[in-house]
Amino acid sequence: ASRGVQGLKAYDPGHDLVAFRRKYGTENLVELGSNENPYGPSPAARAAIVAQLDSLHRYPDPLGADLKRALAAKHGVETNRILLGNGSHELLMLLAQVFAGPGDDVVFSRYGFAVFALATQAAGASRIVVDALPDDHPVMPLGHDLDAIATAITPATKLVYLANPNNPTGTWFGREAFAAFMAKVPSDVIVVMDEAYAEMADADADAATALPFLSSHPNLLLTRTFSKAYGLAGLRVGYLIGAPGLVAVMERLRESFNVNGPALAACEAALGDVAHLDSGCERNSAQRIELARALERRDLRTYPSQTNFLLVRFGPQTAQVEAALTARGVVLRPMGGYGLPECLRITVGNPDENRRLLAALDDVLETLR
Ligand code: PMP
């Protein structure tokens, strides 16, 4: 294997969920490990897939033109600014592959999304990991330190990855801070804003999106996904928006049919059902606030979040708590791989899942006491 690949570990989904489902049965599992949407997709997306079933022998539209048009209309941009991907994961990987290589630097925050490190290493570029805001930061503990990230940029830097809001911390930064950051970034450095959770951020939370900055900053690209707020993780569709020139370069290297036909149709239909999107996001916000309060009542520290998950500090007993919850069929995400071994990441479920989580947790905390 090449030098970059030799040092790589495969993406760690946390648990072997297929084995768990076999062991417990899906109805007995509380799956809160992968930040999926418990409310599922719009019924229009399901119907669009069914309508595709007679066309499975055909290749999909290699350009994904209809979905691109719908996305362009939604975001008020030209279609040549949009690139579709097999999940935003594929696009994040492709970005490093296209724009960075051996001898180049890629900059990101210490608790930035795991794929940033993976993509950088696969491309053979050097990782510049910038310390996050401190754990005792009064506003955004463990969040991106945008000043430090800007300072870490060197003449060798080709790419900066940001996530807003970020996974696994849930933290975010505002529009003014982002504007100040962009003003400091040299125009030949590409800034990637991973906005996988953007739709879930409350309007009054001021989680910056890169959208309004695109026209004035041709070095800025953003990625979004249908996996989270749209509830379509199983279909694997993400998209990127940026300068037409950069999008065209990426188009050269992507697989010709990277988004399948049923997925294209379902995502287009999902975009049309704004009411479903909005109601899912509202339910998530309400449940997130309620779950955070419930965890804090149990003396567990939760980090600020504008997503559908909470980073929660369990302390020295984290591994035991996690094992005991898993034995009760409650699947959370361990954070050792992120260098946060005393934390677990909990996806905000629907009210029933959150109740079952808390009941199992009370049981576990009681037995460990
Ligand atoms: N970015 C972030 C911040 C994420 O949390 C995830 C999913 N966990 C992704 C990107 C990738 O999502 P997908 O490939 O399903 O679009």
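The following dialogue walks through how to read several features of this predicted model.

Q: How many residues surround the ligand, and which are the closest?
A: This is a predicted model, in which local features need pLDDT of at least 70 and side-chain atom pairs count only at pLDDT 80 or more, whereas totals for chains, interfaces and linings use all residues. Residues are numbered from 1 along each chain as its sequence is written. A residue is near a molecule if its C-beta atom, placed from the backbone, lies within 6 Å of it. Here 13 residues surround the ligand, and the closest are Gly87, His89, Asn167, Thr225 and Ser227.

Q: Which helix gives the largest share of that shell, and what is the make-up of the shell by class?
A: Helices are DSSP runs (H or I, at least four residues) and strands likewise (E, at least two), numbered from the N terminus. Helix α5 (residues 87-99) contributes the largest share of the shell around the ligand, three residues. For classes, Ala, Val, Leu, Ile, Met, Phe, Trp, Tyr, Cys and Pro count as nonpolar, Asp, Glu, Lys and Arg as charged, and the others, Gly among them, as polar. The shell around the ligand has four nonpolar, eight polar and one charged residues.

Q: Is Asp273 buried, exposed or partly exposed?
A: A residue is buried if 20 or more other C-beta atoms lie within 10 Å of its own, exposed if 12 or fewer, and partly exposed in between, with C-beta atoms placed from the backbone. Asp273, which sits in the loop between α10 (261-272) and α11, has 16 other C-beta atoms within 10 Å and is therefore partly exposed. Leaving aside residues up to four places away in sequence, Asp273 touches Ser42 and Ala44.

Q: Why does helix α2 lie largely in the open?
A: Of the eight residues of helix α2 (residues 17-24), the number buried is zero, so this helix lies largely in the open. Just after α2, Gly25 takes a positive phi of about 80°.

Notes: Two residues are in contact if their C-beta atoms, placed from the backbone, lie within 7 Å.
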